[in-house]
Amino acid sequence: MVQQILVVITFLIAAVFLLKKFVWSPIFENKKKKSAAIDGANTKCGKKDCACH
């Protein structure tokens, strides 16, 4: 009886891990914005390009 409970708990932990790794994370990872350029958000030089990088 105790052994069956441990097997079920282990299976559930493994299933949750696999779901989180292969289903949950890729869904929300694609929604993050990624800038194409190094200074895509104009964080280093503002709107003017000072050619410092």
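A residue counts as buried under 20% relative accessible area, as exposed over 50%, and as partly exposed in between (1.4 Å probe, protein chains only). By that criterion, buried residues account for 4% of the 53 residues in the chain. The model is predicted: local features need pLDDT of at least 70, side-chain atom pairs count only at pLDDT 80 or more, and totals for chains, interfaces and linings use all residues. Residues are numbered from 1 along each chain as its sequence is written, and side-chain values use heavy atoms, with hydrogens and water left out.

**Fold**
- The chain contains one helix and zero strands, these being DSSP runs (helices H or I, at least four residues; strands E, at least two) numbered from the N terminus.

**Phe22**
- Phe22 belongs to helix H1 (residues 2-29).
- Phe22 is exposed, its relative accessible area being 56%.
- Lys21 lies over the face of Phe22, 5.8 Å from the ring centre; such a charge requires NZ of Lys or CZ of Arg within 6 Å of the ring centre and within 35 degrees of the ring normal.
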